[in-house]
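Student: I would like to learn how to read a few features of a protein model, one after another. Could we begin with the terms and then turn to the case at hand?

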Amino acid sequence: MSGQRRGLLTLTPKGEVWRVSLSGGALSDGAATAADCELEAEGVLKDGRIEARVVPFEGTNISLSAADLAARPATARVTLDAETASVSTDFQGCGVGADLSGRYVRQAPGAISEGDRVADLSAALPDARLTILDGYPWARFAIERGGKRLAVVQFDGENEELADGRNSQQAIGAQLGWGALKPALRVVKVEGGAS
(Lines give C-alpha, C1' and ligand atoms only; values in the text may rest on other atoms or scores of the structure.)
Protein backbone atom coordinates (compact mmCIF):
# COMPACT_ATOMS: atom_id res chain seq x y z
CA MET A 1 0.00 0.00 0.00
CA SER A 2 1.39 3.42 -0.82
CA GLY A 3 1.36 6.49 1.39
CA GLN A 4 2.08 6.60 5.11
CA ARG A 5 0.16 3.43 5.89
CA ARG A 6 1.73 0.09 4.97
CA GLY A 7 -0.17 -2.96 3.85
CA LEU A 8 0.14 -6.23 2.00
CA LEU A 9 -2.25 -7.61 -0.60
CA THR A 10 -1.89 -11.19 -1.79
CA LEU A 11 -4.06 -12.69 -4.53
CA THR A 12 -4.14 -16.48 -4.81
CA PRO A 13 -6.10 -18.38 -7.47
CA LYS A 14 -8.30 -21.25 -6.23
CA GLY A 15 -9.88 -22.62 -9.39
CA GLU A 16 -12.51 -20.11 -10.58
CA VAL A 17 -12.23 -18.13 -7.33
CA TRP A 18 -9.46 -15.85 -6.09
CA ARG A 19 -8.42 -15.63 -2.44
CA VAL A 20 -7.82 -12.02 -1.38
CA SER A 21 -5.55 -11.67 1.67
CA LEU A 22 -5.08 -8.21 3.16
CA SER A 23 -3.02 -7.09 6.13
CA GLY A 24 -1.98 -3.63 7.23
CA GLY A 25 -1.94 -1.06 9.94
CA ALA A 26 -2.85 2.46 10.86
CA LEU A 27 -0.97 5.72 10.67
CA SER A 28 1.60 5.88 13.44
CA ASP A 29 0.23 7.66 16.52
CA GLY A 30 2.59 6.57 19.29
CA ALA A 31 0.97 4.45 22.00
CA ALA A 32 -2.46 5.16 20.48
CA THR A 33 -1.59 3.46 17.16
CA ALA A 34 -4.17 0.80 16.26
CA ALA A 35 -3.02 -2.81 16.02
CA ASP A 36 -2.49 -4.32 12.59
CA CYS A 37 -5.58 -5.63 10.89
CA GLU A 38 -6.19 -8.37 8.36
CA LEU A 39 -8.91 -10.04 6.37
CA GLU A 40 -9.47 -12.90 3.96
CA ALA A 41 -12.03 -12.77 1.18
CA GLU A 42 -12.95 -14.79 -1.91
CA GLY A 43 -14.44 -13.80 -5.24
CA VAL A 44 -14.33 -14.23 -9.00
CA LEU A 45 -12.01 -12.16 -11.21
CA LYS A 46 -13.97 -10.49 -14.02
CA ASP A 47 -12.90 -7.58 -16.22
CA GLY A 48 -9.93 -6.75 -13.98
CA ARG A 49 -12.01 -6.66 -10.80
CA ILE A 50 -12.58 -9.06 -7.93
CA GLU A 51 -15.81 -8.60 -5.99
CA ALA A 52 -15.02 -10.68 -2.92
CA ARG A 53 -16.91 -11.60 0.21
CA VAL A 54 -15.01 -11.77 3.50
CA VAL A 55 -14.73 -15.38 4.69
CA PRO A 56 -13.93 -16.93 8.10
CA PHE A 57 -10.20 -17.15 8.88
CA GLU A 58 -7.62 -17.52 11.65
CA GLY A 59 -5.08 -14.72 11.32
CA THR A 60 -2.05 -13.50 13.20
CA ASN A 61 -3.82 -10.51 14.77
CA ILE A 62 -7.48 -11.27 14.24
CA SER A 63 -9.78 -14.24 13.74
CA LEU A 64 -13.20 -14.19 12.15
CA SER A 65 -15.84 -16.90 12.49
CA ALA A 66 -18.88 -17.72 10.36
CA ALA A 67 -21.04 -16.42 13.24
CA ASP A 68 -19.14 -13.09 13.19
CA LEU A 69 -19.80 -12.77 9.47
CA ALA A 70 -23.47 -13.76 9.80
CA ALA A 71 -23.91 -10.86 12.24
CA ARG A 72 -21.83 -8.42 10.20
CA PRO A 73 -21.10 -9.51 6.60
CA ALA A 74 -18.36 -7.66 4.74
CA THR A 75 -16.96 -7.34 1.24
CA ALA A 76 -13.73 -6.33 -0.45
CA ARG A 77 -13.37 -5.00 -3.99
CA VAL A 78 -10.01 -5.24 -5.77
CA THR A 79 -9.55 -3.37 -9.06
CA LEU A 80 -6.38 -4.36 -10.91
CA ASP A 81 -4.49 -1.96 -13.18
CA ALA A 82 -1.04 -3.05 -14.43
CA GLU A 83 1.28 -2.93 -11.39
CA THR A 84 -1.28 -1.50 -8.94
CA ALA A 85 -4.44 -2.65 -7.23
CA SER A 86 -7.08 -0.40 -5.68
CA VAL A 87 -8.85 -1.95 -2.72
CA SER A 88 -12.02 -0.84 -1.00
CA THR A 89 -13.69 -2.74 1.80
CA ASP A 90 -16.57 -2.24 4.20
CA PHE A 91 -14.95 -4.57 6.78
CA GLN A 92 -15.49 -3.16 10.31
CA GLY A 93 -13.24 -5.53 12.27
CA CYS A 94 -10.15 -3.31 12.38
CA GLY A 95 -9.16 -1.12 15.30
CA VAL A 96 -9.89 2.61 15.23
CA GLY A 97 -7.68 4.24 12.62
CA ALA A 98 -6.70 0.99 10.87
CA ASP A 99 -7.92 0.76 7.28
CA LEU A 100 -7.18 -1.85 4.62
CA SER A 101 -8.65 0.21 1.77
CA GLY A 102 -6.15 1.96 -0.48
CA ARG A 103 -3.76 1.61 -3.39
CA TYR A 104 -1.34 -1.32 -3.36
CA VAL A 105 1.74 -1.42 -5.62
CA ARG A 106 3.29 -4.67 -6.87
CA GLN A 107 6.80 -5.19 -5.58
CA ALA A 108 9.55 -6.66 -7.68
CA PRO A 109 10.20 -10.33 -6.79
CA GLY A 110 12.37 -10.46 -3.69
CA ALA A 111 11.88 -6.75 -2.95
CA ILE A 112 12.17 -5.79 0.72
CA SER A 113 10.27 -2.73 1.99
CA GLU A 114 9.72 -0.86 5.23
CA GLY A 115 6.79 -2.41 7.07
CA ASP A 116 7.48 -5.98 5.88
CA ARG A 117 7.16 -8.54 8.70
CA VAL A 118 9.75 -11.25 9.24
CA ALA A 119 6.96 -13.83 8.72
CA ASP A 120 6.18 -12.36 5.27
CA LEU A 121 9.85 -12.14 4.27
CA SER A 122 10.39 -15.71 5.38
CA ALA A 123 7.55 -16.86 3.11
CA ALA A 124 8.74 -14.76 0.16
CA LEU A 125 12.47 -15.51 0.55
CA PRO A 126 12.66 -18.84 2.41
CA ASP A 127 16.23 -19.61 1.31
CA ALA A 128 17.68 -16.21 2.29
CA ARG A 129 20.39 -15.97 4.93
CA LEU A 130 20.92 -13.07 7.34
CA THR A 131 24.24 -11.86 8.68
CA ILE A 132 24.29 -9.62 11.76
CA LEU A 133 26.42 -6.58 10.87
CA ASP A 134 25.84 -4.38 13.95
CA GLY A 135 24.11 -4.95 17.25
CA TYR A 136 23.94 -1.60 19.02
CA PRO A 137 21.96 0.57 19.30
CA TRP A 138 19.97 -0.80 16.34
CA ALA A 139 20.93 -4.14 14.88
CA ARG A 140 21.59 -4.23 11.13
CA PHE A 141 21.14 -7.44 9.14
CA ALA A 142 22.48 -8.15 5.64
CA ILE A 143 19.98 -10.29 3.72
CA GLU A 144 21.59 -12.52 1.11
CA ARG A 145 20.14 -14.97 -1.36
CA GLY A 146 22.02 -17.12 -3.84
CA GLY A 147 25.31 -15.42 -2.96
CA LYS A 148 23.89 -11.94 -3.70
CA ARG A 149 23.19 -9.30 -1.06
CA LEU A 150 19.60 -8.09 -1.44
CA ALA A 151 19.56 -5.41 1.26
CA VAL A 152 20.67 -4.36 4.70
CA VAL A 153 17.75 -3.89 7.09
CA GLN A 154 16.87 -2.80 10.59
CA PHE A 155 13.87 -4.17 12.47
CA ASP A 156 11.65 -2.53 15.10
CA GLY A 157 13.06 -4.44 18.06
CA GLU A 158 16.22 -2.46 18.89
CA ASN A 159 18.98 -4.99 19.59
CA GLU A 160 16.90 -7.83 21.08
CA GLU A 161 15.78 -9.46 17.82
CA LEU A 162 16.93 -13.06 18.29
CA ALA A 163 14.19 -15.57 19.05
CA ASP A 164 16.51 -17.74 21.19
CA GLY A 165 16.90 -14.90 23.70
CA ARG A 166 20.40 -13.83 22.64
CA ASN A 167 21.07 -10.17 22.14
CA SER A 168 22.16 -9.44 18.57
CA GLN A 169 25.16 -7.55 19.99
CA GLN A 170 26.43 -10.92 21.23
CA ALA A 171 26.13 -12.48 17.76
CA ILE A 172 27.68 -9.92 15.39
CA GLY A 173 28.96 -11.75 12.32
CA ALA A 174 26.65 -14.74 12.81
CA GLN A 175 24.78 -16.04 9.77
CA LEU A 176 21.18 -16.96 10.55
CA GLY A 177 17.97 -18.18 8.97
CA TRP A 178 14.61 -16.42 9.35
CA GLY A 179 13.72 -18.69 12.29
CA ALA A 180 16.30 -16.87 14.43
CA LEU A 181 14.12 -13.73 14.37
CA LYS A 182 10.76 -13.12 16.01
CA PRO A 183 8.14 -13.44 13.22
CA ALA A 184 6.22 -10.28 14.17
CA LEU A 185 9.22 -7.94 13.82
CA ARG A 186 8.83 -5.35 11.07
CA VAL A 187 11.43 -3.74 8.82
CA VAL A 188 11.91 -0.07 9.77
CA LYS A 189 14.83 0.78 7.48
CA VAL A 190 16.14 -0.65 4.21
CA GLU A 191 19.54 0.13 2.74
CA GLY A 192 20.75 -0.96 -0.70
CA GLY A 193 22.42 -4.33 -1.12
CA ALA A 194 25.91 -2.87 -1.39
CA SER A 195 26.07 -1.57 2.23
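Tutor: A residue is called buried when its relative accessible area is under 20%, exposed when over 50%, and partly exposed in between, with a 1.4 Å probe and protein chains only. This is a predicted model, in which local features need pLDDT of at least 70 and side-chain atom pairs count only at pLDDT 80 or more, while totals for chains, interfaces and linings use all residues. Residues are numbered from 1 along each chain as its sequence is written, and side-chain values use heavy atoms, with hydrogens and water left out.

Student: Is cysteine 37 buried or exposed?

Tutor: Cysteine 37 is buried, because its relative accessible area is 3%.

Student: Which residue does a disulfide join to cysteine 37?

Tutor: In general, a disulfide is a covalent bond between the sulfur atoms of two cysteines; the rule applied is a pair of cysteine sulfur atoms within 2.5 Å. Here cysteine 37 is joined to cysteine 94, with an S to S distance of 2.0 Å, and the count by this rule comes to 1 disulfide. The link of cysteine 37 and cysteine 94 is left-handed, with -80° about the S-S bond. Cysteine 37 lies in strand β3 and cysteine 94 in the loop between β8 and β9 (102-105), so the pair ties together parts that are 57 residues apart in sequence. Strands here are DSSP runs (E, at least two residues), as helices are (H or I, at least four), numbered from the N terminus.

Student: Which residues have the most contacts inside the largest nonpolar core?

Tutor: In soluble globular proteins, nonpolar side chains tend to be buried together. A nonpolar core is taken as a set of buried Ala, Val, Leu, Ile, Met, Phe, Trp, Tyr and Cys residues joined through side-chain atoms within 4.5 Å. The largest one has 23 residues, and those with the most contacts inside it are Leu9, Val20, Leu22, Leu39, Val54 and Phe91. The elements that give two or more residues to this core are β2, β3, β4 (49-54), β7 (75-81) and β8 (84-89). A second, separate core of 20 residues includes Ile112, Ile132, Leu176 and Val187.

Student: What does leucine 22 touch?

Tutor: With contact meaning heavy atoms within 4.5 Å, and leaving aside residues up to four places away in sequence, leucine 22 touches Leu8, Leu9, Cys37, Glu38, Leu39, Val87, Leu100 and Tyr104.

Student: Where is glutamine 154 found?

Tutor: Glutamine 154 is found in strand β12 (residues 148-155), and glutamine 154 is buried, with a relative accessible area of 14%.
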